[in-house]
Amino acid sequence: MAEVKPLKKPPGFRDPTIPIQMPPRKINLPPSFHPQKKERRTYCCRCCCWCCLIILILLLFLVAASGFLYLWFNPKLPVFHLRSLEFTKFNVTESQDGPKLNAQSTVGVELKNPNRELKIVYGETRVELKGENDVNMGEGKVSGFVQEKKSVKVIKFVMKSNEMLYGDSVGKVMTIGFKNKNLRVSSDVSTAIGIGYKGWKSLKIGVRISCGSLSLKQIENGATPKCRITMFNWFHLN
């Protein structure tokens, strides 16, 4: 018998017994669930966390270093005293507008630096001298200077006053008080102070020192008024 040859399959023929294999379909994720964006956001969060941690560590280190330096140097404010007051001129004259004070004096302010390691750096220092009834008895100033550690320094201020005295009895009271040395005076010192160590200097802070009133007799006998230091225009130190 002759062998029967199988028929050729026509073009495009598909065997129904073989399952159809579909090509993999690409899944389009929403933008918010895109893997690359999610990884990028996770990376940014990690960077922020590390930055915050580093800043916190630096702040803690700065606080610890500041505390160590404070304990090591133990910085203290300078001590102010009105040490001397000498009048070279004191006249109360009558004018058309009323009594007038014409005075000239030299005021000595003692500055004490109690720090064992730190210098005190002063800016321009101004002194105001006031008599009874807040009469202006003169103003003086000196330029900035540096006070060495553990030292006492006396600064001289030349004061001049050409002040009108309001009230009929003010001129008489001041004249009599000056003659018998019962005239009471007070002083206000305005300056800016900072600290220095070797070649380093800190920023200066404005301070005002108000010294209570004493009589001329008490000042001559060496008495020193109680002074109060005001910092930042509101913080008081006695």
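I looked up Lys-112 and found it in strand E2, which spans residues 98-113. The model I am reading is a predicted one. I then checked the exposure of Lys-112: it is partly exposed, with a relative accessible area of 41%. Lys-112 belongs to a positive surface patch, together with Lys-76, Arg-116 and Lys-150.

Next, cysteines. How many disulfides does the count come to? It comes to one disulfide. The partners are Cys-211 and Cys-227, with sulfur atoms 2.1 Å apart. I noted the link of Cys-211 and Cys-227 as right-handed, with 100° about the S-S bond. The pair links distant parts of the chain, 16 residues apart. Cys-211 sits in strand E10 (residues 205-215) and Cys-227 in strand E11 (residues 227-231).

Are these two cysteines buried or exposed? Cys-211 counts as buried, at 6% relative accessibility. Cys-227 is buried too, with a relative accessible area of 14%. The cut-off I applied for buried is under 20%.

A disulfide needs the sulfur atoms within 2.5 Å. Cys-48 is partly exposed, with a relative accessible area of 48%.

Last entry: Cys-52. The closest cysteine sulfur to that of Cys-52 is in Cys-48, at 6.5 Å, so the pair is too far apart for a bond. I have Cys-52 down as exposed, with a relative accessible area of 54%.

Terms used. Residues are numbered from 1 along each chain as its sequence is written. This is a predicted model: local features need pLDDT of at least 70, side-chain atom pairs count only at pLDDT 80 or more; totals for chains, interfaces and linings use all residues. Side-chain values use heavy atoms; hydrogens and water are left out. Patches are made of residues with over 30% relative accessible area and no salt bridge: like charges are joined within 9 Å, nonpolar side chains (Val, Leu, Ile, Met, Phe, Trp, Tyr) within 5 Å. Accessible areas come from the Shrake-Rupley method with a 1.4 Å probe; for residues, only the protein chains shown count as cover. A salt bridge is a side-chain nitrogen of Lys or Arg within 4 Å of a carboxyl oxygen of Asp or Glu. Lys and Arg count as positive and Asp and Glu as negative; His and the chain ends are not counted. The place of a charge is taken as NZ of Lys, CZ of Arg, CG of Asp or CD of Glu. Helices (H or I, at least four residues) and strands (E, at least two) are DSSP runs, numbered from the N terminus. Buried means under 20% relative accessible area, exposed over 50%, partly exposed in between (1.4 Å probe, protein chains only).
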